[in-house]
2 protein chains.
Amino acid sequence: MGGTRHNLRVDGARLWATILETSAFGATPAGGINRLTLTPEDGAVRDWFRAACEAAGLAVGTDELGTQFALRRGRDMSRAPIACGSHLDTQPTGGRFDGILGTLAGLEVMRSLNDAGIETEAPLLVVNWTNEEGSRYAPAMMASAAYVGEFTVEDILSRTDAAGISVGQALDSIGAVATEKLGTRAIGAFVELHIEQGPILEAEGKTIGVVEGGQGIAWFDGTITGFESHAGTTPMPRRRDAMGGLAELALAVERIALAHGPSAVATLGEAVIAAPSRNVIPGRVSFTLDVRDPRSATLDAIEAELRAAIATIAERRRLAIDLDRIWRKEPVPFDAGIVGLVESHAEALGLPHRRMVSGAGHDACNLAAKVPTAMIFVPCRDGISHNESESATPSDCTAGADILLQTLVTLANAPKAPA
Amino acid sequence: MGGTRHNLRVDGARLWATILETSAFGATPAGGINRLTLTPEDGAVRDWFRAACEAAGLAVGTDELGTQFALRRGRDMSRAPIACGSHLDTQPTGGRFDGILGTLAGLEVMRSLNDAGIETEAPLLVVNWTNEEGSRYAPAMMASAAYVGEFTVEDILSRTDAAGISVGQALDSIGAVATEKLGTRAIGAFVELHIEQGPILEAEGKTIGVVEGGQGIAWFDGTITGFESHAGTTPMPRRRDAMGGLAELALAVERIALAHGPSAVATLGEAVIAAPSRNVIPGRVSFTLDVRDPRSATLDAIEAELRAAIATIAERRRLAIDLDRIWRKEPVPFDAGIVGLVESHAEALGLPHRRMVSGAGHDACNLAAKVPTAMIFVPCRDGISHNESESATPSDCTAGADILLQTLVTLANAPKAPA
């Protein structure tokens with residue numbers, strides 16, 4: 001046996017019905033979902049997920065952080081499972097697709113294989129990672145990071161939400177019982193289907209994003225210090241206006257990112273004037289910068305150009321400008337072999353596709369540190385995500401699940417790697 | 001009698017000692033004054049002022065809003081008094097000169113005339129206007145505005161502070177008793193000595209600012225609306241970044257004001273990003289603008305250029321930018337005759353001087369609507385005011401008081417205008 005079955009498809013109508021069915025757990029009046037991790041709503045969708053997986057013949061285990069693993073047996077149980085999945089938790093005003101599509105499409109793949117009576121060589125696995133969103137507990141993508149060893153169980157269980165409830169207490173409150181230790185679940189490869197959460201696929205009329213990796217990210221905090229003075233009595237040439245410095249900096253950020261386009265992005269997301277008043281020249285402004293690119297060298301170059309621009313602005317305007325890099329995450333390259341598989345399946349199914357990088361963070365970006373990993377993107381309307389108006393079409397969701405199915409089966413049926 | 005006495009000078013040491021003496025009322029540890037209007041501290045300095053004026057032979061009256069009028073008799077009591085003065089209230093972290101210099105210099109002028117045994121033709125008047133600062137009760141310059149008929153007594157008395165205490169209750173609490181109706185006190189001319197509250201005189205090495213008038217002011221509220229989206233997934237060219245629009249607008253404001261220099265000033269004093277987050281492109285920013293110039297036509301031109309710049313920015317960046325003019329105060333020209341007198345006395349006394357406009361508002365700007373008015377500025381260190389570190393030198397204060405003395409005597413001894 002083996003090889004790829006190009007005639008095999010998921011049941012798109014069933015997938016869509018399942019998305020609608022689970023959207024009742026934490027449904028908001030505006031058509032979105034409020035399903036913060038480890039709340040009763042999240043507990044309810046987890047119970048539903050376990051029952052649905054078990055009904056599909058999968059064996060469901062739960063690790064110490066509540067991550068659910070649903071295993072479909074393969075012919076050769078000595079092979080590590082080929083995994084897919086994502087997350088079922090949402091932002092407080094989240095949508096019906098972020099994370100949900102990837103998890104439920106995994107279930108749909110298993111159901112479709114069952115319907116077709118197909119057994120794969122390696123077993124298959126659908127994963128529901130705990131707390132991808134990070135809205136209730138920091139950090140985001142907590143469980144997948146802990147799975148690859150970035151955090152200990154004790155560390156994560158002791159983290160608390162705004163009400164002082166720990167992760168451990170929250171797991172107890174929804175009746176989550178660990179059946180396996182963190183990090184012990186074998187995963188031979190991981191493929192995550194997700195909405196793009198950006199506008200590129202929709203704008204270019206593509207159905208499938210072949211995701212080559214996650215961007216590197218650098219976060220900065222900064223302050224601009226000038227001199228607060230009277231708006232009516234201080235002549236323009238004598239001003240040391242922190243707001244003028246911020247304005248030049250914002251445009252420099254834009255210009256530098258554009259010069260490293262099309263991949264680089266840079267955002268001045270927060271800016272706060274100290275003691276603002278309409279008739280006082282701002283004396284101090286604090287701000288944040290978010291810089292991303294798929295290449296480490298480009299992050300380096302952007303930072304160097306930013307610092308040079310800042311030095312020029314500060315000198316010319318007689319301001320003090322501090323820029324502090326508070327966090328940097330290196331780019332995450334996905335597995336070239338799996339990326340190539342995703343691409344060839346999209347080509348074979350006649351789906352318009354393009355290579356791209358993931359602008360947002362995903363559990364797959366954590367998994368990639370230990371496991372051959374890739375992602376599949378499908379368009380979302382207007383690029384909107386983390387919003388109750390988040391939307392994707394049934395046909396795009398189906399197309400993404402078809403590529404997931406093809407990729408998983410190809411990987412599971414590939415010749416076993418030599419020991 | 002008659003004519004100007006160029007040999008007459010105030011007693012600078014006594015003036016300085018008086019400034020230091022009254023700075024004890026509401027003194028702050030940092031060397032400033034916290035003497036909000038109509039508080040016990042303000043009541044104490046008012047009692048001191050009344051006693052000092054009476055000791056100098058002046059007749060002190062109080063109007064319905066607590067403004068104190070100290071009259072020095074003239075030879076011809078049918079002539080309207082030539083007035084000076086300013087205010088003794090301060091900001092909560094105010095300095096020792098703002099308002100105080102002009103009021104106490106008025107007292108010093110009377111004392112010096114007494115010492116010299118000089119009687120003027122017209123009577124002289126020193127005024128301590130209630131609530132110039134506006135920190136406790138809005139609006140600022142309340143009593144002088146009411147004096148010229150902009151507000152009724154009832155309106156002002158019913159205004160309340162943050163604690164709900166009305167102006168009427170506050171006047172009662174410090175024992176202020178009205179001895180005359182608002183607006184009935186005759187004033188033939190008004191000359192206000194004040195620190196510049198800006199950096200121009202100090203920077204140019206001038207001692208006397210010959211103030212030709214108050215600037216016109218236009219205040220604007222604005223909003224910039226783009227589209228909030230993910231900092232990691234939205235390519236630079238697809239962004240509708242409200243912060244980018246604000247940056248261009250801030251630089252346009254600066255450029256337009258500079259082009260109308262040196263008189264025009266424009267300030268973007270407040271800017272608030274709606275729902276800011278370091279990894280979200282700002283979708284909406286609100287801001288304020290403060291535009292000032294001594295000429296109405298320039299205010300008009302700046303507004304027109306701003307609106308043109310905004311239209312360009314909005315179109316190019318696909319943003320909606322609203323700009324709403326919420327207030328406009330026309331420029332206040334001072335009396336050309338009195339301005340000329342101030343200038344000629346500065347020249348005669350060999351004091352470096354320059355013509356200028358007042359960037360800030362003053363009681364004199366209100367008086368000018370009904371009474372021939374002018375102002376005299378002296379330098380303050382680094383242009384700092386409304387701050388405990390506000391500072392002026394004894395010699396500059398003395399010089400300003402000398403010009404005040406000369407100007408008042410010249411006006412009071414001028415031939416009586418034909419009936």
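## Contacts and burial in chain A

In this predicted model, residues 24 or more positions apart account for 78% of the contacts in chain A with a separation of 6 or more; two residues are in contact if their C-beta atoms, placed from the backbone, lie within 7 Å. Buried residues make up 56% of the 419 residues in chain A. A residue is buried if 20 or more other C-beta atoms lie within 10 Å of its own, exposed if 12 or fewer, and partly exposed in between, with C-beta atoms placed from the backbone.

Local features need pLDDT of at least 70 and side-chain atom pairs count only at pLDDT 80 or more, whereas totals for chains, interfaces and linings use all residues. Residues are numbered from 1 along each chain as its sequence is written, and chains are lettered from A and ligands numbered from 1 in the order in which they are written.

## Overall dimensions and secondary structure

The C-alpha trace of chain A spans about 80 × 45 × 45 Å along its principal axes. A compact globule of 419 residues would have a radius of gyration near 22 Å, and the 24 Å of chain A agrees with this. The radius is taken over C-alpha atoms, and the globule rule is 2.2 Å times the number of residues to the power 0.38.

Chain A contains twelve helices and 15 strands. These are DSSP runs numbered from the N terminus: helices are H or I with at least four residues, and strands are E with at least two.

## Domains of chain A

The domain assignment, which is automatic or from a database, gives domain 1 (12-214 + 331-413) and domain 2 (216-329) of chain A. Their C-alpha centres lie 37 Å apart. The contact between them takes four residues from domain 1 and seven residues from domain 2.

The contact between the chains takes 48 residues from chain B and 49 residues from chain A. On the side of chain B, helix 8 supplies the largest share, nine residues. That side divides into 22 nonpolar, 18 polar and eight charged residues, where Ala, Val, Leu, Ile, Met, Phe, Trp, Tyr, Cys and Pro count as nonpolar, Asp, Glu, Lys and Arg as charged, and the others, Gly among them, as polar.

The same surface serves both copies, as 100% of the contact residues of chain B recur in chain A.
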